[in-house]
Amino acid sequence: MKEVIQDKLGRPIRDLRISVTDRCNFRCDYCMPKEIFGDDYTFLPKNELLTFEELTRISKIYAQLGVKKIRITGGEPLLRRNLYKLVEQLNLIDDIEDIGLTTNGLLLKKHGKNLYQAGLRRINVSLDAIEDNVFQEINNRNIKASTILEQIDYAVSIGFEVKVNVVIQKGVNDNQIIPMIDYFKNKNIEVRFIEFMDVGNDNGWNFNKVVTKEEMLNMIEQHFEISPVAPKYYGEVAKYFRHKDSDAQFGLITSVSESFCSTCTRARLSSDGKFYGCLFASSEGFDVKALIRNGATDDDLKAQFKRLWSIRNDQYSDKRTMQTIENNRKKKINMNYIGG
């Protein structure tokens, strides 16, 4: 039977984000900089990852507590072998209304058909530039933007709904905003621009690198006639705008300038099997994997999940200021473990 649970700030639980691997085939500076994640970097061994059966068991219990949406993340989730089998299992869970996947898109032609046949319908592709040279400098793997655009076209051709996510950094790729809107407007694909966030410990974040929503809007309104779109549901993180001359939309995710902690409904499961209540969490998550592998029953797990949510009071972005960042440099969980 489904229960209604809320955290300390009255926020319900609606979304579960599952990181299925800490590995990635890109080395983007804001997530997995090559200076730290070099060729000799030691990633998690297979036995340290939750199995698909364990992930499905956890998801079933969370569905009983109010979760309706599951998003599969990484690292790069398409590096997890036979990922479509997890999608098949998750699709059988009662009350799960939506399953999505966030990917860099490089392997969509290789795995897309199996994932679609398994029941996946929605994909978010991370693409931080539309010009090859800019994108190659960001991913540090000499991968061209045109390669990812071909993968996106393939995904759309077999039936996927695709959104594109772009992390904007001042002086790095803010010159890509207008050409990306123009390109995806003509394809009727939603592109969402994300303010550069201080996730993890290795991305060299400072506020001077942030292009705020207002700065992006000022830039966009010089080229396009747009109007705001009302939120589609409680907890929607993107603020959407519609082109006045078409039905095409784009979004701005204002995680720095206009935080959305007050409506955050997301529980997160890291690639090493730990629960986190916030993307900006410290590196001390609750070890769900240990609980499972020490023989916990479903009732044990349910009780722990309820407890973890009931004590959740995370509101990092609401409290973020330059002063608190300087005064409180806690070690945070890295993006490749917790997902976006």
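**Exercise 1.** Determine in which hand α6 passes α7, and describe the packing of the two helices.

*Solution.* Step 1: the crossing of α6 and α7 is right-handed, the near helix being turned clockwise from the far one by less than a right angle. The model is predicted: local features need pLDDT of at least 70, side-chain atom pairs count only at pLDDT 80 or more, and totals for chains, interfaces and linings use all residues. Residues are numbered from 1 along each chain as its sequence is written, and side-chain values use heavy atoms, without hydrogens and water.

Step 2: helix α7 spans residues 213–220 and α6 spans residues 177–187; helices are DSSP runs of H or I with at least four residues, numbered from the N terminus. Their axes lie 10 Å apart at an angle of about 65°. Axes are lines fitted to C-alpha atoms over the stretch in contact, and angles run from 0 to 180 degrees between N-to-C directions.

Step 3: Ile177, Ile178 and Ile181 of α6 meet Met216, Met219 and Ile220 of α7, where contact means heavy atoms within 4.5 Å. The residues of this contact are six nonpolar, no polar and no charged; Ile and Met count as nonpolar.

**Exercise 2.** Decide whether lysine 185 is buried or exposed, and list its contacts outside the sequence neighbourhood.

*Solution.* Step 1: lysine 185 sits in helix α6. Step 2: its relative accessible area is 19%, so lysine 185 is buried (under 20%; exposed is over 50%, partly exposed in between, with a 1.4 Å probe and protein chains only). Step 3: leaving aside neighbours within four places in sequence, lysine 185 contacts Phe224, His243, Asp245, Ser246 and Ala248.
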